[in-house]
Structure formats: structure tokens, C-alpha cells
Amino acid sequence: MRFRIRKCPKCGRYTLKETCPICGEKTKVAHPPRFSPEDPYGEYRRKLKRELLGIGRRSE
């Protein structure tokens with residue numbers, strides 16, 4: 001069994017539990033996803049991020 005440190009998005013505390021022992025909020029994994037230069041979905045993720053932020057590609 002692998003333990004990963006988790007973080008509460010509400011109060012910011014770190015824990016190993018699924019729920020925060022202080023506020024009871026569901027915790028999230030504090031580590032970023034693994035990076036791969038051969039990421040098959042990277043193009044789609046970046047496109048979605050640009051659309052959500054309203055950032056368009058500039059034509060030069």
C-alpha cells in the first residue's frame with residue numbers, strides 16, 4: 001500500500017487521511033501528476049486550459 005500526502009483544499013492542512021481531521025473536508029493528493037514527454041492528451045488539456053482562461057493563440 002502506497003501512502004501519498006494529501007492536502008485539504010479548505011483549511012490547507014496536510015494529512016494522510018481521505019478526509020481532513022480538522023474541518024472534515026475531502027482531501028486531495030498534494031502531488032502533481034507525472035510528466036511524460038509523450039503525453040497523448042497534452043494537446044487537448046492545453047487547448048481546454050486556453051479556452052477556460054480565454055487565451056487565444058496569436059497569429060504572427
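In this predicted model, a polar atom of the Thr27 side chain sits 2.9 Å from the backbone oxygen of Glu18. The side chain of Thr27 has a further partner in Arg6, whose own side chain it meets in a polar contact at 2.9 Å.

Where does Thr27 lie relative to strand 2 and strand 3? The residue belongs to the loop that links strand 2 (14-15) to strand 3 (28-29). Despite this loop setting, the relative accessible area of Thr27 is 2%. Because buried residues are those under 20%, Thr27 falls into that class.

The surroundings of Thr27 can be read from its contacts, leaving aside residues up to four places away in sequence.

The protein chain has 60 residues, of which 10% count as buried, and Thr27 is itself a buried residue. Among contacts in the protein chain with a separation of 6 or more, 12% join residues 24 or more positions apart. The protein chain exposes about 6100 Å² in total, and 53% of this area comes from carbon and sulfur atoms.

Key:
Residues numbered from 1 in each chain as written. Predicted model: local features only at pLDDT ≥ 70, side-chain atom pairs only at ≥ 80, totals over all residues. Heavy atoms only, no water. Helix = DSSP H or I, 4+ residues; strand = E, 2+ residues; numbered from the N terminus. Buried < 20%, exposed > 50% of the residue type's maximum accessible area, 1.4 Å probe, protein only. Polar contact = N/O pair within 3.5 Å; in protein donor to acceptor, adjacent residues only side chain to side chain. Contact = heavy atoms within 4.5 Å. Areas by Shrake-Rupley, 256 points an atom, 1.4 Å probe, with all protein chains shown as cover.
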